[in-house]
Amino acid sequence: MHAAIEFQEVGFGYAPGDQVLKGITLTLAEGSFHVLTGASGAGKSTLLKLCHLALRPRSGRLRLLGQDVAGLSRSAVSGLRRRIGMVDQDCQFLDHLDLRQNLALPRILRGDRPESYAEDLADLITWVGLTGRETARPSELSSGERQRAALARAVIASPEVILADEPTGNVDARMGQHLLSLMVELNRLGKTVLIATHDLGLIRSAREAVPVRLLRLSGGQIALGATL
Amino acid sequence: MRRAPRFRIVPGNGSLGWLVGLGASAAGFLAVLALAFGLAALRLSDSWDGALAGAATIRITGPEAQIEARVAAVLKVLDSTPGIAEARLIAPGEQAALLAPWLGETLPLQALPLPRLVAVALEGEGPDAASLAHRLAGEAPGAVYEEHGRWQDALSEAARALTALSAAAIALTFALLWGLVALGARAALDTHRGILVTLRMLGAEDAFITRSFLRRMVGRTVLGTGLGTAAAAAVLAVMPEPDASAGLLTGLAPKRAEWAVLALVPLAAALAALIATRLAVRRVLGGVR
């Protein structure tokens, strides 16, 4: 099985001398389901941002979907990002567009016609429980609704990798389980999933549904096969 | 190539967009007037060249009693001079009409001791001026041969200066338009930086983002310069018909195909806006991963 994401001795710090991640070596196989845990400030979001090319490693080598991120052209970065769905904690949207238009953006960027994604869009909106909010502006959504919308946007273009940073942080337990079931379904379809979370209930539920590899980030390093 | 979505990826810029449109209108208006001025200068230069080339005048002065004999002598000399196609005595009435714009129509010109004028049409290289002057001095004292060509260089230079002035005015207008569009694009990009970052994170290519910004900025510029061009064309259309006495002042309205040249102003403005916006977007995108 090929690696979807491969860290080789990857180090990163936001300032010179600062080391958030210290020589991380990690391989996420295609179609795998990983959960990343760790204390606040341990570097979970940083690791996910590296996987989404929002940050670049200071040292070591990072390969995403078979491509070494060092020296990638801007166009290649765009191409990779279209193959990776990201749910980050900021949940940034285009405020002048309504929810439906925002969720359609990844498909538009792929060059799809509206009629080709209208059904997927409607299904996803229903799945994440945003039916009736299609014409709402992002500023009119609650933080929980924004989080659900971000997940829908991350998966609408059927990316090969799904990265989610605390995807259930602002939703209730029932909705959290519901969103997790979406990611589990996508994983069963062969998508690679990496979730950073503190939510122990979510981790247990994921382990009951699919084989989950648990990663613990501590002191800038990854402990593989961590226990809860 | 990504298809254009059915909604605007980049929102409007409110008053900034209108400001760019208004500035583009003013630039279009001024550029068209400057262009019309330049075209009129070129036309005037051509008409001066046409009128002065191949022509000369002989001015005859002398005592009243001898003037007719001198005129006859001059015509006789010209008749036998190589390089002269035609020589014609300008009638007093015609001479008065030529002077009327300068001296007025009420002045009794017949009371003034005006010289008699012979209009000469040249052929080929024209006559040997020195030889002709020598013969005229002998046959008709007081007759002076004047080739119009000596005015031609000065007038051509004046026309060239007017054309250069017009070109400079057009260049300055476009420089201002460029600056306005570049500033507008930079301000729009600063305002919508969040959109730009979000689009990049979703995997938008630089070309897609650039096109989204270009559409708005170039659209405003073309609309603005188009309106400015139309307004200037309307002004030019009601300008008085050309009048020989007023020259450039009344001949500003373009002639036939020249109207089509005015349409180049919005096209050139679109090109300038395209390049200015593209450079501004590229500069800002360079700072976004």
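Q: What makes strand β8 of chain A count as mostly covered?

A: This is a predicted model, and in it strand β8, residues 192-196 of chain A, has 5 of its 5 residues buried. A residue is called buried if 20 or more other C-beta atoms lie within 10 Å of its own.

Q: Which residues of β8(A) point one way and which the other way?

A: Thr192(A), Leu194(A) and Ala196(A) point one way, while Val193(A) and Ile195(A) point the other way, and all are buried. In a regular strand the side chains alternate between the two faces of the sheet.

Q: How do you know that β3(A) and β8(A) pair, and in which sense do they run, parallel or antiparallel?

A: Two strands pair if at least two bridges are found between them, and 4 bridges join strand β3, residues 33-37 of chain A, to β8(A), the two running parallel. Within this pairing, Val35(A) stands opposite Ile195(A).

Q: Why is Ile84(A) called buried?

A: Ile84(A) has 23 other C-beta atoms within 10 Å, and because the term asks for 20 or more, Ile84(A) is buried. This residue lies in strand β6, residues 84-87 of chain A.

Q: Which residues does Ile84(A) touch, not counting those up to four places away in sequence?

A: Ile84(A) touches His52(A), Pro159(A), Val161(A) and Leu163(A), when residues up to four places away in sequence are not counted. Ile84(A) and Glu160(A), although 76 residues apart in sequence, are 6.0 Å apart in space from C-alpha to C-alpha.

Q: How does the radius of gyration of chain B stand against that of a compact globule?

A: A compact globule of 289 residues would have a radius of gyration near 19 Å, whereas chain B has 31 Å. The C-alpha atoms of chain B fill a box of roughly 100 × 40 × 25 Å along the principal axes, and 30% of the 289 residues of chain B count as buried.

Q: How many helices and strands does chain B have, and what pattern do they follow?

A: Chain B has 9 helices and 4 strands, and along the sequence they follow the pattern α-β-α-β-α-β-α-β-α-α-α-α-α.

Technical notes. Residues numbered from 1 in each chain as written. Chains lettered and ligands numbered in written order. Predicted model: local features only at pLDDT ≥ 70, side-chain atom pairs only at ≥ 80, totals over all residues. Buried ≥ 20, exposed ≤ 12 C-beta atoms within 10 Å, placed from the backbone. Rg over C-alpha atoms; globule rule 2.2 N^0.38 Å. Contact = placed C-beta atoms within 7 Å.
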